[in-house]
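Trainee: Please show me how to read the features of a model like this one, step by step.

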Amino acid sequence: MTVKEIFESMEYGPAPESAADAYAWLVDQGDRFGQFINGAFTAPGEGFEAKNPATGEVLALLSQASAEDVDAAVAAARKAQPKWERLGGPGRARYLYALARLVQKNARLFAVLETLDNGKPIRESRDIDIPLVHRHFYHHAGLAQLLEVERPDRRAQGVCGQVIPWNFPLLMLAWKVAPALAAGNTVVLKPAEWTSLTALLFADICRQAGLPKGVVNIVTGDGEVGERVVAHEGVDKVAFTGSTEVGRRIRQQTAGQGKALTLELGGKSAYIVFEDADIDSAIEGLVDAIWLNGGQVCCAGSRLLLQEGIADDFQARLRERMGKLRIGNPLDKCIDIGAMADPAQVERVRRLVEGSVAGECFSAAVEIPETGAFYPPTLIIGLAPSDALMQQEIFGPVLVATTFRTPAEAIALANNTRYGLAASVWSESLNLALDVAPKLAAGVVWVNGTNMFDAAAPFGGVRESGFGREGGWAGLDAYLKPAGAQKALRPIAGFTGGTNGVVEGMDRTPKLYIGDKQARPDGGYSRVVYGKSGKALGQVPVANRKDIRNAVEAARGAATWGRTNGHGRAQILYYMAENLSARADDFAGVLNAMNGGRKGADEVEASVDRLFTWAAWADKFAGEAAAVPIRGMALALREPVGVIGAFCPDEAPLLGLVSVLGAAMAMGNRAVLVASEPFPLAAMELVQVLETSDVPAGVANLLVGPVAELAPHLAGHADVEAVWSFASADLSEVIERESAANLKRTWVNNGRALDWFGAGGCRAFLEAATEVKTVWVPYGE
């Protein structure tokens, strides 16, 4: 068809992009690749083929990294890391800037190679992925420049092991490599087996930029290589993007190793359309939400929730729009949907769809190439919230839909999933949209838009969509740790006595504090607490797993605390400080009697001051507006995590407990605290302070018991969102392992002591007590 004929008929005319330069680059490399270690490619070895999923053509031969290759890559990264960190933020910024410039200069080569290797349309690679890649390196060059001023008390984690998926091969590389390098870390990166070529091109760019040897290392291969990277004892921080199932295994595999960990996992994102929405705009947004990259997007708007009044009209228009989508050669600039990343993924999607007996399935009547990994855009309506396809991540061009009547029902449906990555809200009423957005269990919410990303805006999920953020300062913080070495924390045992457990005076055996009531322990047991001299000081209850259940249930019932404004939370904390101060002498006496010291008064005064600190922060740690390049804003809001379980420290039994409880309450969380096992009396005395300080029922719950027995139950509880441990007993491994059940957040001490009189009031507590929710609000006509 000639240009004249196309113009006269207005029919579709192909506009293919030339792949000549990409093929030339592959030929220049010999069409075979080894590993990129210590600034150079190794000799190619036995491995696997990189194929074009649109045609099945073999593009290159890649090598399967051996255990020795991974060892060499980690060793190179370890050797290079100290010098790279000493280079300083401004020095590292120059290299990041050079990488950004080189990506820009080679933008078309990267885009074409990405499309050849991954199958996504060239217009997506060219207009979305590659611009975001160099944006990330530019942005993190700026963060590196400012790092020493903005984060003077932080330093690099060390060597980072990074494992990325096949849906956005180069963009995921940028999301992980850029912040790691900016913070002073070195990297061992494992790209996806199906899509490694642009990572290897990036390795070539690193050489051109003069990046010091060993700073970036890339090893290729299957999942076994990724496991070696994650498990390697020379890796200090692990960052993974991929499926929830693999993320769960990584959490279990790294439990107790002391490695920092961030996980960006699966999603089943809700796309909510209210009756007053601009339907045409919402449909165009939906095309991007679910059919971008063939639906192979972790935050794809794969669950369409329509208000009943517009459901029929919306679905009719949507079917018509689906029929106009073009599927075919990904290198054609006019194609809407390209190939999926591999035939195996096509088969997986087909099995899921064909295996569903619920709902009505509609596949667009579009022309599909006879060969290649293609799947038609599909809509399934009439599903119940519990149906498998409404709950399971399909990861393909398949949209499932249902209806709702009220905003409250829409929120309930949206949150009825184990995931919590993203959501879209469509309404011409900004009041309605901004009322709904904070109530959605999602790390990112787009208002009247979808799939908006930027290096300045934090991205990440809650629930089983993982933890940690990528982008902005929140993303950079994940690659930093406190400066200075922490001392080893030795287990602290309680004192024993020789008085046969006889407590002088009238019996005042305290109880557990659950809800707003003192409660006897479920097991009916108590134990004697002795002082250093062997004198019996009192008895305390012994909690068990049922007491944990009751405390968590009480905490879940206090959800309104998270909606209390910061000023209101601060008043309660000030009141607690006032009442604690009024009984300072009593608490000092208890502390001195328990540990045989003379500094009880100092600890009480520090505890009062700590409560004042958290009260001061209660209305001041709310988030920030990210400077994103759109007509609008991205609000990185700080939200409470939810229910936090915590094992309190033994070396500062009152100050540590107050530090943990105060930080959790200040940010709107509810807490289930297990007091110091050897020195629990101060915590039991604190019950009276809580009872007289107007603390709402369920916000603070105090237990006493054997921490080693309670740890797996609290860490494995499905209704707990985070678990912290500062106990001197070795609980880190069991907490991290048990937390994998629902991928709750953890903060453990790994046997290292914290300075409770200093760092116990640091920003790290506020960060651990909050999640960043990024709400994108575009504006203008």
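**Pocket, cavity, rings and backbone**

Trainee: How much space lies in the second largest pocket?

Mentor: About 1,300 Å³ lies in the second largest pocket of this predicted model. Of the 46 residues lining this pocket, P438, E639, P640, V641 and G642 are the closest to its centre. A pocket is an open set of points on a 1 Å grid over the protein atoms alone, with protein on both sides within 12 Å along at least five of seven lines, and lining residues have an atom within 4 Å of a point. Its volume is what probe spheres fill when set on the points, which are joined across faces, edges and corners. Residues are numbered from 1 along each chain as its sequence is written. Local features need pLDDT of at least 70 and side-chain atom pairs 80 or more, totals for chains, interfaces and linings use all residues, and side-chain values use heavy atoms, without hydrogens or water.

Trainee: Which elements and domains supply the lining of that pocket?

Mentor: At least two lining residues come from each of α19, β26 (632-640) and β32 (770-778). Helices (H or I, at least four residues) and strands (E, at least two) are DSSP runs numbered from the N terminus. Domain 2 (269-460) and domain 3 (514-770) each give at least three residues to this lining, with bounds from an automatic or database assignment.

Trainee: How many cavities are there, and what lines the largest one?

Mentor: In a cavity, a 1.4 Å probe fits but cannot get out. The count here is five cavities of 30 Å³ or more. The largest cavity holds about 110 Å³ of space. Its lining has 16 residues, and F168, L171, M172, W175 and F453 are the closest to the centre. The elements giving two or more residues to this lining are α6 (122-150) and α7 (169-182), and α7 has the largest share, with three residues. By domain, domain 1 (20-264 + 474-482) and domain 2 (269-460) each bring at least three residues to the lining of the largest cavity.

Trainee: Now the rings. How is a pair of aromatic rings described?

Mentor: By the distance of the centres and the angle of the planes. Rings of Phe, Tyr and Trp (its six-membered ring) pair if their centres lie within 6.5 Å; planes under 30 degrees apart are stacked, over 60 edge-to-face and the rest tilted. This structure holds 26 aromatic pairs. Take W446 and F453: their centres are 5.9 Å apart and their planes at 85°, so they pair edge-to-face. W446 is buried, at 1% relative accessibility. Buried means under 20% relative accessible area, exposed over 50% and partly exposed in between (1.4 Å probe, protein chains only).

Trainee: How do Y574 and F612 pair?

Mentor: They're edge-to-face too, with 5.0 Å from centre to centre and 65° between the planes. Y574 sits in helix α19 (residues 566-582) and F612 in helix α21 (residues 600-617), so this pair links distant parts of the chain, 38 residues apart. Y574 is partly exposed at 30% relative accessibility, and F612 is partly exposed at 41%. There's also a cluster, in which ring pairs link W614, W724, F726, W747, W756 and F765.

Trainee: Last one, the backbone. What is the phi of N451?

Mentor: N451 has a positive phi of about 50° although it isn't a glycine. N451 lies in the loop between β18 (444-447) and β19 (466-467) and is buried, at 13% relative accessibility. R463, not a glycine either, has a positive phi of about 55°. R463 is found in the loop between β18 and β19 and is partly exposed, with a relative accessible area of 32%.
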